[in-house]
Amino acid sequence: VYAEVLGVERVGLDDDFFALGGHSLKAVRAMHMISESEELDLKLEEFFARRTPRSLSLGIRTDNRIGNNLIHKDAKEIFEL
């Protein structure tokens, strides 16, 4: 989702959404796409506070939601999450 919204080929687990060219409108789009695909009720402030895929995923998992699914299965194997 991050790569698609930002128009880049790849986004790492610890890449900051805003450092890669994200801004508030792109954040809303990404948040909506994640919320829809994972059936989550993400808040915009969560997205701004957790600026990396890893941070957002861990925050969602901490809230007893399905955040681990936000990280592609191949990335989990590479980074041993």
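Which residues have the most contacts inside the largest nonpolar core? They are Tyr-2, Phe-17, Ile-34, Leu-42, Phe-47 and Leu-56, in a core of 15 residues. This is a predicted model, in which local features need pLDDT of at least 70 and side-chain atom pairs count only at pLDDT 80 or more, while totals for chains, interfaces and linings use all residues. Residues are numbered from 1 along each chain as its sequence is written, and side-chain values use heavy atoms, leaving out hydrogens and water.

**The core**
- A nonpolar core here is a set of buried Ala, Val, Leu, Ile, Met, Phe, Trp, Tyr and Cys residues joined through side-chain atoms within 4.5 Å.
- At least two residues of the core come from each of α1 (2–6), α2 (24–38) and α4, and α2 gives the largest share, with 4 residues.

**Overall fold**
- The protein chain has 5 helices and 0 strands; helices are DSSP runs of H or I with at least four residues, strands are runs of E with at least two, and both are numbered from the N terminus.
- Of its 81 residues, 35% count as buried (under 20% relative accessible area, 1.4 Å probe, protein chains only).

**Tyr-2 and Thr-52**
- Beyond its neighbours within four places in sequence, Tyr-2 is in contact (heavy atoms within 4.5 Å) with residues including Phe-17, Ile-34, Phe-47, Thr-52 and Leu-56.
- Thr-52 sits in the loop between α3 (44–49) and α4 (53–62), and is buried because its relative accessible area is 15%.
- Not counting residues up to four places away in sequence, Thr-52 touches Tyr-2, Leu-13, Asp-14, Asp-15 and Asp-16.

Note on methods
Buried means under 20% relative accessible area, exposed over 50%, partly exposed in between (1.4 Å probe, protein chains only).
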